[in-house]
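These are my notebook entries on a structure I went through chain by chain.

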Amino acid sequence: MENPRTRLPEEALSHLDALYNLARWLARDSVEAEDLVQETYLRAVRAAHQFQPGTNLRAWLFRILRNTFFTQYKRKRREPEVVDPEILDGMPDTSGAVSVDDRMAGPPDGTAGLDLVAALNRLPEEYRSVVLLSDLEDFSMGEIAAIMDCPVGTVKSRLFRARGILKQLLRDYPH
Amino acid sequence: MDCSEACKHLSDLNRGRLEADTAEVVRAHVAQCPTCAAALQTEARVRVLIQAQVPRHSTPSALRARVQALLAESTSPEESVARGAAARSRRTAGLSGWRDLFRGHPWTLGSLACAAAVLLVVSAGWLWLAKDPVSRLADRAVAEHLEYIKDTMTRPAAEPSAVMGEVKSQVDFAFEPVFPGDAQVQLVSGKVEKLGGKRTAMFIYRDASGHYTTLFLMPEAGIVIPDEGRLPIETFKPYHRMTKGRQLLLWKQRNLACLLVSDLDQAGMASMFLKVRKAA
């Protein structure tokens with residue numbers, strides 16, 4: 001029996017910026033991202049009675065966002081050419097390559113971020129989302145596994161491989 | 001432990017999120033494996049690079065207003081369903097119903113559209129102004145923190161006494177003593193910026209894993225710290241929130257408002273807070 005008075009905690013609004021940010025990465029379009037976030041909150045409000053107070057509201061909202069995206073949006077039509085992780089796995093190791101260090105320094109006008117964004121966009125979604133959830137949103141491996149509905153080991157493996165791919169792609173970008 | 005197993009733990013090792021036993025085993029492997037040692041370094045550097053250089057998309061004010069309204073009005077799942085359906089029909093089916101209503105009177109629809117646009121702009125401005133001072137302070141502090149990381153990520157740590165002297169010469173309030181760093185965390189730099197209209201002393205620290213923490217010190221006058229959202233850390237209870245994925249702590253000490261923004265996780269942030277709080 002649903003509790004008709006269950007409401008989302010007030011904290012829910014504080015996650016709007018982070019949800020919209022991921023929505024932009026997923027949808028690749030500002031209007032679609034807005035719809036996606038609004039739909040996420042609508043679903044969360046409707047399912048508020050399922051949320052356990054004291055548990056991780058932020059991760060729960062991100063899980064709804066991602067599920068909503070995959071059930072309602074045809075992401076593939078805008079997915080650009082992505083890197084095949086299997087191919088990159090076979091490439092020689094570039095440990096110690098200078099390009100990542102160079103990017104760390106970054107030119108004074110901040111343009112290094114553009115190459116990095118392009119590199120992130122070439123990652124398969126499953127890899128890109130792991131990186132964004134881990135590095136930008138600081139979710140733990142367990143939280144990411146819950147958000148993406150996959151085993152923790154898979155998340156760890158994807159994150160490690162994504163780092164290698166990014167390093168490879170940054171090296172490949174023209175300076 | 002072999003490489004394939006160790007590589008899965010490198011991110012958690014860098015973020016201090018491994019159980020002590022596992023961390024020890026991974027560290028032992030990394031110590032004798034050059035490939036994993038290089039991968040550990042790459043892990044930290046790519047992470048810092050992403051945090052510093054990947055831009056965040058700003059939430060449109062109209063979306064914020066819609067979500068705020070949705071959350072404020074939600075009282076029951078039944079109403080939510082009804083409202084959700086209504087909202088979806090507004091956004092996906094368009095205004096066909098309204099068009100039918102006003103068919104033959106296009107000037108009326110145009111006038112309404114103009115009025116709605118004006119209302120939207122006014123309410124967006126009102127929402128910005130209505131955002132509470134602590135939220136505005138938090139947003140600004142996190143933005144400064146991210147900028148500061150970019151400025152300092154390739155700099156060696158400065159001499160703490162030189163940093164203090166430089167900052168002291170630029171503000172008209174006393175802030176010392178300040179945490180000068182220790183074996184785990186280095187004070188990299190200090191500077192003065194305006195935050196919430198006040199000249200603020202800023203100090204940025206970096207740990208061995210490449211995590212950055214920025215300490216902001218400013219006169220406390222006019223800053224009200226909310227009673228809710230306090231995080232117990234030993235005997236202290238600073239105000240805590242997450243802003244743009246960063247940990248943020250705010251407290252008052254002597255005549256100062258102290259604000260700490262960090263890329264660390266909550267446990268790491270608590271440890272950093274204790275160092276800063278006790279040093280003062």
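Entry 1, backbone of chain B. I looked up B:Glu234 and found that residue in the loop between β3 (212–219) and β4 (239–243) of chain B; the model is a predicted one, and I read its angles with that in mind. Phi of B:Glu234 is near 50 degrees, a positive value, and the residue is not a glycine. I note this because most residues other than glycine have a negative phi. Is B:Glu234 buried or exposed? I counted 10 other C-beta atoms within 10 Å, so B:Glu234 is exposed, the cut-off for that class being 12 or fewer.

I placed B:Pro177 in the loop that runs between α9 (160–168) and β1 (185–195) of chain B. I recorded the bond since most peptide bonds are trans.

A:Asp149 sits in the loop between α8 (141–148) and α9 (152–172) of chain A. I found 10 C-beta neighbours inside 10 Å, and A:Asp149 therefore counts as exposed.

The axes of α2 (residues 30–46) and α3 (residues 57–72) of chain A come within 9 Å and cross at roughly 120 degrees, which makes α2(A) oblique to α3(A). I noted the crossing of α2(A) past α3(A) as right-handed. From α2(A) the contact draws on A:Leu36, A:Glu39, A:Thr40, A:Arg43 and A:Ala44, while α3(A) supplies A:Leu61, A:Ile64, A:Leu65, A:Thr68, A:Phe69 and A:Gln72. Sorted by class, I have 6 nonpolar, 3 polar and 2 charged residues in the contact of α2(A) with α3(A).

The crossing in which α7(A) passes α8(A) is right-handed. On the α7(A) side I listed A:Ser129, A:Val130, A:Leu133 and A:Ser134, which meet A:Ile144, A:Ile147 and A:Met148 in α8(A). The residues in this contact of α7(A) with α8(A) are 5 nonpolar and 2 polar, with no charged one.

I counted 9 helices and 0 strands in chain A, against 10 helices and 6 strands in chain B. Of the 175 residues of chain A, 41% count as buried, and for the 280 residues of chain B the share is 35%. Among contacts with a separation of 6 or more, residues 24 or more positions apart account for 71% in chain A and for 59% in chain B.

The mean pLDDT of chain A is 75, and 70% of its residues reach 70 or more. Over residues 90–114 of chain A, however, I read a pLDDT below 50, although the stretch has 38 contacts in the model beyond near neighbours in sequence.

Conventions: Residues are numbered from 1 along each chain as its sequence is written. Chains are lettered from A and ligands numbered from 1 in the order in which they are written. This is a predicted model: local features need pLDDT of at least 70, side-chain atom pairs count only at pLDDT 80 or more; totals for chains, interfaces and linings use all residues. Axes are lines fitted to C-alpha atoms, for helices over the stretch in contact, and angles run from 0 to 180 degrees between N-to-C directions. Helices (H or I, at least four residues) and strands (E, at least two) are DSSP runs, numbered from the N terminus. Angles under 35 degrees count as roughly parallel, over 145 as roughly antiparallel, 65 to 115 as roughly perpendicular and the rest as oblique. A crossing is left-handed if the near helix is turned anticlockwise from the far one by less than a right angle, and right-handed if clockwise. Two residues are in contact if their C-beta atoms, placed from the backbone, lie within 7 Å. Ala, Val, Leu, Ile, Met, Phe, Trp, Tyr, Cys and Pro count as nonpolar, Asp, Glu, Lys and Arg as charged, and the others, Gly among them, as polar. A residue is buried if 20 or more other C-beta atoms lie within 10 Å of its own, exposed if 12 or fewer, and partly exposed in between; C-beta atoms are placed from the backbone. pLDDT is the predictor's confidence in each residue, from 0 to 100.
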